Amino acid sequence: MRRMLFAGLAALATLPAAALSPPASGGQLDLETIMANPDWIGAAVEQPYWSVDGRSLYYSLKRDGSKVRDLYRVDAASGQGSKLDPAAMAQAEGPAVYDRAHRHAAYVMHGDIFMVDLSTGRHVQVTRSTEAESAPRFSSDGRSLQYRQGHNWFVYDLAGGVSAPAAVLRFVDDPQVKKPDQLKDMQLELFRSLRENKSDKDASRDNDDALIAADPSRAPKPIYLGEGGEPADTELSPDGRWMVVVTKPKGAKEGKRPEVTHYVTDSGYAEQQETRVYVGRNDPAPQSLVLVDLKTAKFYPLKTDTLPGIKDDPLKDIRAKTVAALEKDGKADEAKALKAPEVRPVRIVSGAEDGGGGGIVWSDDGQNVAIQLRAIDNKDRWIANVDFDKHALVTQHRLTDNAWINWNFNDFGWLKDGRTLWYLSEETGYSQLYTKTLGGKPKALTSGKFEVSHPALSEDGQWFYVRTNQVAPYSYDVYRLPSAGGELARLTQVQGMDDFALSPDGRQLAVLHSSPYTLAQLAVQGVDGGAARELTNTMKPAFTAHAWIQPKIVSVPSSHGAGAIWAKYYGPADEAAGASRPAVIFVHGAGYLQNVTLSYSNYFREQMFHNLLVQQGYVVLDMDYRASDGYGRAWRTAIYRQMGHPELEDLLDGKAWLVKNHGVDPKRIGMYGGSYGGFMTLMSLLRAPGEFAAGSALRPVTDWTSYNHEYTSNILNDPQLDPESYQVSSPINFADKLQDPLLMEHGLIDDNVLTSDTIRLYQRFIELHKNNFWMSLYPMERHGFVHPDSWYDEYRRIDELFNTYVKPVKQ
C-alpha cells in the first residue's frame, strides 16, 4: 500500500468541460477559464521508458475528456512518433530488464510476462493468466526467468519453455511432523494392522520424496513455515537457492476505520465508505524475517535483536513524562500500556510505502542480499546483509534521527561486484550517495548542501546517474559520477528535470523535464552531455499564447535563524515603487513538498489564479516554509513535535518581506492553501490573530489525532505517548483565538483528510460564538477535486473573500 501522504496536490480534472474561450495573448483572465477542465492546456508526458532495442521511447498521454491514458511510441533519433492503436498495442513492449550477458530481455505488458531473444528479435509470451505477474528478472546463470505473482515466485526455464513455482510456502504447521501423542503410541503398540498401515504410508511418502528430489520436472514440495504468521513480502535470490520472507502476525487488527458518506450516488441512496485508521489507534503490525533454504527446504528466523540500538528507547524522556502524568491522574492501566518494548518492533522498508529503494535487494549473482529495516517508532533505519552460514543479519549501516527517518532518500542496492553496497543517507543533513564494502567503512561519493536522489547505476557498473539541486535549491538536473568515486558532473541544463531513464546500451538519457508553464516533455541526449533533442510538444496553443507571469524566485531572510526561505513572487511587470497594494500568500500542501522549483507545478490552477490576482491588483507570494522538501534534514525536521510553529514564523517573515520590498499594506494580506496549506492557514489565523486580513483553508487538518498513522506518527509520535505535541499542533485547540474572516472548503467524500475535521472545527466556532466564518462542502469531491464546477465554485468563493476583506483599503 502506498503511504497516504498528507498531499495537497491538485488532481487533473477528468470530465469534459463545456467549450470555453481561452485567454488570448495578453488578454484578461477569468475564473471560468482557469478552473475549467485542463485539457485546454495540454497533457503531460507520463512514465516514459525505452524500447527493448533502445531505438525508441514509449510514453503515456492523457486522452482529452477522459481518464484514459494512450500509449505513444517515438523514434529517439528522428523524433517521429505516433499513438498506438489497439492492434499496435498488441505488439508494444513494457519497461525491460536484461540478462547479464545481454542476450535476452523481459518485460510486463497487460499483467503478463514476455521475453525477447535479442539476437533474433523473437518475442515469447511466458504467461497468459487472469492474475497479474510482475518483477521479471533473469537468473544469475541466465538459464531461467524469474517472476512473481503476488507473494509467489515462479521460474521459467528458457530451454524447456516451462514455468514452475520456485517454492510452495504454507503458513501452517507441517502435518508430517510427529507430535507427542500418548494415545496414538498406545494404539500402534496394541494393533499390528495399524502399524502396517503406518508403515505403508511412510514408505509411500518416502518414495514420493525421492522421486521429487531426483526429477526436476516435478513441482517442489510445500515448505511449512508454521502457524501464526502470514506473508507481507517474498524475495527470491537470482541463483534460486534462497528466499527471504517477510511475515506479519496473522489477522493483525488495524483498528476501527471511520466512514465517509456519499450523498450524490447512482443508486439514489446515501452510501458509506470506509477510510483509514486514525493515528495511534493501532500501530502498524510488526514484521519478521525468515530465510528459506530452497535446496534443503529448511527455514531460519532472522532475528532483529542484534541490530545496534534496537533495545534502546529513543522516546524515554517523553515516555517518562507521560507515564508520570497518567499515574498522577490515577490512570495506571494507561500508564502500563506505554511501557517500552524490550526489543523495538520493525518493518521492512519498501519502495511503495517509504519513498523508494525497495526493502530487499539481492546482488546480481545471488550471493548476497541486503535488507532495509525501519523501527516502527520512526527513529532508526538499518541496512543489513545476511550471513547464510549463521542464518543471521549483519548490520552494515544505521541511520538514526531524533525526529524521524525520512520517507524519501531510502534507495540502496549493490555494485556489480556483488560485494559492495550503495545507499542514500541523510546523515550529514542532506541526502548523499555512499558505498560500503561488507564489513568495511562507508565512502561518501557525494557531499555538500544539496539533495541527491534517483540514483541509477549504469549497466557496466562504471557510473552513477543522479538527480540533484546542486546549482540552487530550486534547480534540478541530471548529474553523473564514477561509481568508484570522483567528480560529480552535470549532464543536463534543463533546470526543471523531473525524471530520467538510461538507455539499454548506456549511451543516452531520456529526460522528462518541465518549466513553470510547460507540462512535462520528453527529450533525449547523450550521457556525455551535449545538446538535448526534444521529442514531444504536447502543449495547446490556446494556453501557450497567453502572456503568463513568470514567477520570480526570491530569497526571504528568516528572522529566526533559519537562513533563506525560498519563495515564488508574482507581481505586475510595471510594478510602481512606493505603492500601497494588497497581497495574498499561498501555502502549498503536503508539508514535505517543494513548490519553489523551475518545474511545472502541481498547483497549476493556483498559479493561474495568482495571475488573475495580479490582474486584479494583488501581488502573490508562494513560500517553501520549513518542512518543505529540497532543503535538507534540519529544514524538514524543524516541525518535529510542533507542527505549525516554525512554518508560521516563516510565513510572517514572508509578510514582512512583502511590506518592506513591494509596498504591501500590512493590513491587506490574505492567505490560502489546501491540505497542509489549509492547516497552515488555520494556524496562521488562530495563532497570529490580526496578522492576516482573511484566510481560506481548503481540506485542512484541524486535529492531528484524526489523521492517519503513517504520516502523523513520524512527526508527532503516537498521541497516547506524546499528547503534548498534538495539543500544540492542532488548530482546533486554538479555536477561541479566531477574529479574522475565515472560509473553510472541503470535499464531502475526502478519504484522506476527512470532512469531519472541518465540521468539528466549525462546531467549535459555533459554541464559541465566533463571527465571520463559513464552510463550503462539495458532495462529489475527494481530497483532490476533479470536477471543473467544483473548482470554479471553490475559487469563486476565495476570490470573493479576498475582494471583500483583503483588497479594500482599510479606513
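Strands β1 and β2 run antiparallel and are joined by three bridges. Helices and strands are DSSP runs numbered from the N terminus (H or I over at least four residues for helices, E over at least two for strands), and two strands pair if DSSP finds at least two bridges between them. The model is predicted, and local features need pLDDT of at least 70, side-chain atom pairs count only at pLDDT 80 or more, and totals for chains, interfaces and linings use all residues. Residues are numbered from 1 along each chain as its sequence is written, and side-chain values use heavy atoms, with hydrogens and water left out.

Leu57 has Val74 in β3 as its bridge partner. These strands belong to an open sheet of four strands in the order β1-β2-β3-β4, with antiparallel pairing. Its edge strands, each pairing on one side only, are β1 (46-50) and β4 (81-83). On average, neighbouring strands of this sheet are turned by 20° against each other, direction ignored; axes are lines fitted to C-alpha atoms, for helices over the stretch in contact, and angles run from 0 to 180 degrees between N-to-C directions.

Ser51 is found in the loop between β1 and β2. Ser51 is buried, with a relative accessible area of 0% (buried means under 20%, exposed over 50% and partly exposed in between, with a 1.4 Å probe and protein chains only). Leaving aside residues up to four places away in sequence, Ser51 touches Ser56, Tyr58, Arg73, Glu93, Tyr98 and Pro504, where contact means heavy atoms within 4.5 Å. Ser51 and Leu754 are 703 residues apart in sequence, and their C-alpha atoms are 43 Å apart in space.

His709 lies in helix α13 (residues 709-716) and is buried, at a relative accessible area of 6%. With residues up to four places away in sequence not counted, the contacts of His709 are Val277, Val279, Gly280, Asp283, Pro284 and Asp718. Lys443, in strand β29 (residues 443-444), is partly exposed, with a relative accessible area of 41%. Under the sequence limit of four places, Lys443 touches Leu433, Tyr434, Thr435, Ala484 and Gly485. Lys443 and Leu433 are 10 residues apart in sequence and 8.7 Å apart from C-alpha to C-alpha.

The second largest pocket has a volume of about 1300 Å³. On a 1 Å grid over the protein atoms alone, a pocket is an open set of points with protein on both sides within 12 Å along at least five of seven lines, unlike a cavity, where a 1.4 Å probe fits but cannot get out; lining residues have an atom within 4 Å of a point. Grid points are joined across faces, edges and corners, and the volume is the space filled by probe spheres set on the points. The second largest pocket is lined by 41 residues, and Pro165, Ala166, Arg218, Pro220 and Leu294 lie nearest its centre. The elements giving two or more residues to this lining are β10 (144-149), β11 (152-157), β12 (162-165), α4 (192-214) and β14 (222-224). Helix α4 provides the largest share, five residues. By class, the lining has 19 nonpolar, nine polar and 13 charged residues (Ala, Val, Leu, Ile, Met, Phe, Trp, Tyr, Cys and Pro count as nonpolar, Asp, Glu, Lys and Arg as charged, and the others, Gly among them, as polar).
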